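Here's a quick briefing to read alongside the sequence and the fold.

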Amino acid sequence: MKLELGKIYIKDIRFGDNTEIKNGTLIINKKELEEFAISDERIKSVTIELARPGESIRIAPVKDVIEPRVKVSGLGCIFPGVMGKVKGVGSGRTHALVGAAVVTVGKIVGFQEGIIDMSGETAKYTPFSETNNICVVMEPVEGLETHDYEQAGRLLGLKVANFIGEVARNIEPDEIVIYDTKPLLEQIKEFPHLPKVGYIHMLQSQGLLHDTYYYGVDAKQILPTLMYPTEIMDGAIISGNCVAPCDKVTTFHHLNNPVIEDLYKRHGKDLNFVTVILTNENVFLMDKERSSDMVAKIVEFLGLDGVIITEEGYGNPDTDLMMNCKKVSDVGTKVVLITDEFPGRDGKSQSLADAVPEADALVSCGQGNIIVNFPKMDKIIGTLEFVETMIGGYEGSLKEDGSIDAELQIIIASTIANGYNKLAAKGY
């Protein structure tokens, strides 16, 4: 499966008469995009606002972040099964607007949407302080049920990202990167001397607004399966959850999964990147046992020498993580885990809700409970009305001057992204 990813670098964004790209600047026709976006009867109003790196802007409550992409050749479309027919993606040519992001913003659904700061000390904790953000601020109709609101918001973000991505269809990319994963037996023959490595990608799928979608199917309904890594770059996985902000694997992160990116960079050099094993995170013990058994069976069947495992969320999913770790270790495969820690604000409690002796190679993404100060910003996109009820916030978090004291986990980031930077630095 070979994918050519054409990268078109976006250095700035602004409003203008036409939606287009000129000399690295993404120009948005504000009225046209707002009228296009307001087609869902569940959404009362949509306002498009822009946020650039370095500006004194705070965005909240953030639901999802999506990088605009367009399928230029090959089967299917971006976000198959949701934005178009179900066709296997991951081959052909795809263009990406690198440096641009669609950010959906709106009234809180649960308590787990988060914050993006575009400047200041807290901007360093989120990758989205460095992207040129098209913020889609939505207002639901009165009395809309929370699951309907979540679905409407998710679809709105994907729709806007597709609309913007379309402007890149006929543009010559600044860079083309080729990703290629051959069928298993061919690939093993090509690099027989290198260790066979896989990536176990755990998706949040615990329901109650903790959902992720695979080709349009709720991940609660899937059994562990194999994927070509390039399928993920074409939007085969999308976020549909409001899990803790610092752990949220946004749709942007699925499209730009740094574990996959770096494994490809090392593929054929010091390792043989064989596959992505997709699995879910379950609520009931029986389901956890079933999925982890199947993950270990797949690893054993493929004869993998090593795997990297990431989780989305924390607490209950820590058990899924440790089950996967133990069972994969038991079939003779080396395991490295990427996760973060929640040991309380003083750092004295147990960092993970579960642990096994086999978890002896773990990359920590840091302490999510520490209190940080968010300085006052000149502009708020969205509202700070819900800060004290967001996860990481508490009564008294929002100060009279507009500054905030809250736990680090209130920031939209990603365990996967933060952890893999540390993993690479350690030379794993």
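Which residue in β8 is the bridge partner of lysine 71? It's threonine 94. Keep in mind that this is a predicted model. The notes below start with the sheet around that pair and then move on to the nonpolar cores.

**The sheet**
- Four strands line up as β7-β8-β1-β12 in an open sheet, and the pairing is mixed.
- At the edges sit β7 (69–73) and β12 (175–180), each of which pairs on one side only.
- From one strand to the next, the twist averages 25°.
- β7 and β8 (residues 92–98) run antiparallel, with four bridges joining them.

**The helix on the sheet**
- Helix α2 (residues 146–165) packs on the sheet and touches both β7 and β8.
- The direction of α2 makes about 55° with that of β7.

**The cores**
- The largest nonpolar core has 36 residues, and the ones touching the most other members are Ile10, Leu26, Leu97, Ile134, Val160 and Ile164.
- Elements giving two or more residues to this core are β4 (25–28), α1 (30–37), β5 (43–51), β9 (100–106), β11 (132–140) and α2.
- Helix α2 gives the most to this core, at seven residues.
- Not counting residues up to four places away in sequence, isoleucine 164 touches Leu26, Ile28, Leu33, Pro68, Leu97, Val102 and Ile134.
- Another core, of 32 residues, lies apart from that one; Tyr179, Ile260, Leu263 and Leu271 are among its members.

Methods
Residues numbered from 1 in each chain as written. Predicted model: local features only at pLDDT ≥ 70, side-chain atom pairs only at ≥ 80, totals over all residues. Heavy atoms only, no water. Pairing = 2+ DSSP bridges. Axes fitted to C-alpha atoms, helices over the stretch in contact; angles between N-to-C directions. Contact = heavy atoms within 4.5 Å. Core = buried A, V, L, I, M, F, W, Y, C linked by side-chain atoms within 4.5 Å. Buried < 20%, exposed > 50% of the residue type's maximum accessible area, 1.4 Å probe, protein only.
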